[in-house]
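Here's a quick look at charged side-chain pairs. Grab your viewer and follow along.

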Amino acid sequence: MSVRVRRVYEPPEPDDGVRVLVDRLWPRGLAKDAAHIDEWPKGLTPSTELRRWYHADEGAFEEFRERYEAELTAPEAVELLERVRELAGRGTVTLLTASRQPELSHAEVLARLLAE
């Protein structure tokens, strides 16, 4: 199983495999045809409240991770996570985010969960 995290603004690469946008909102300034998105499971993204809390610098990444993992226990999220896990079982999956620091984002949390 191969799951990687990249910024959606980076040009697609041949070894990206299935490209999955894991942001709730479409990335600013990015044309849909230029993004080459294969899947956009909005139900896997952090809630608006959690996203705002984290981006307001009110919490540390570890607390964000814990809260986000709790949100991922909702039935829709479980189903979507399983779908991405199945895709990763067949080949490379690239989780795409507009975050400036993908290593401190929800995409990284998803990548860790998918690798388990």
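The structure holds 13 salt bridges, a salt bridge being a side-chain nitrogen of Lys or Arg within 4 Å of a carboxyl oxygen of Asp or Glu. This is a predicted model, where local features need pLDDT of at least 70, side-chain atom pairs count only at pLDDT 80 or more, and totals for chains, interfaces and linings use all residues. Residues are numbered from 1 along each chain as its sequence is written, and side-chain values use heavy atoms, leaving out hydrogens and water.

Three of these pairs, with their N to O distances:

| Pair | Distance |
|---|---|
| Glu 10 and Arg 6 | 2.9 Å |
| Arg 65 and Glu 69 | 3.1 Å |
| Glu 82 and Arg 85 | 3.4 Å |

For burial, the cut-offs on relative accessible area are under 20% for buried, over 50% for exposed, and partly exposed in between (1.4 Å probe, protein chains only).

Arg 65 and Glu 69 sit four residues apart in helix α3 (residues 61-71), about one turn of the helix; helices here are DSSP runs of H or I, at least four residues, numbered from the N terminus. Arg 65 is buried at 17%, and Glu 69 is partly exposed at 27%.

Over in helix α4 (residues 75-90), Glu 82 and Arg 85 are three residues apart, again about one turn. Glu 82 comes out partly exposed at 35%, and Arg 85 is partly exposed at 24%. Elsewhere, salt bridges with shared partners link Arg 4, Arg 6, Glu 10, Glu 13, Asp 15, Asp 16 and Arg 19 into one network.

Terms used. Helices (H or I, at least four residues) and strands (E, at least two) are DSSP runs, numbered from the N terminus.
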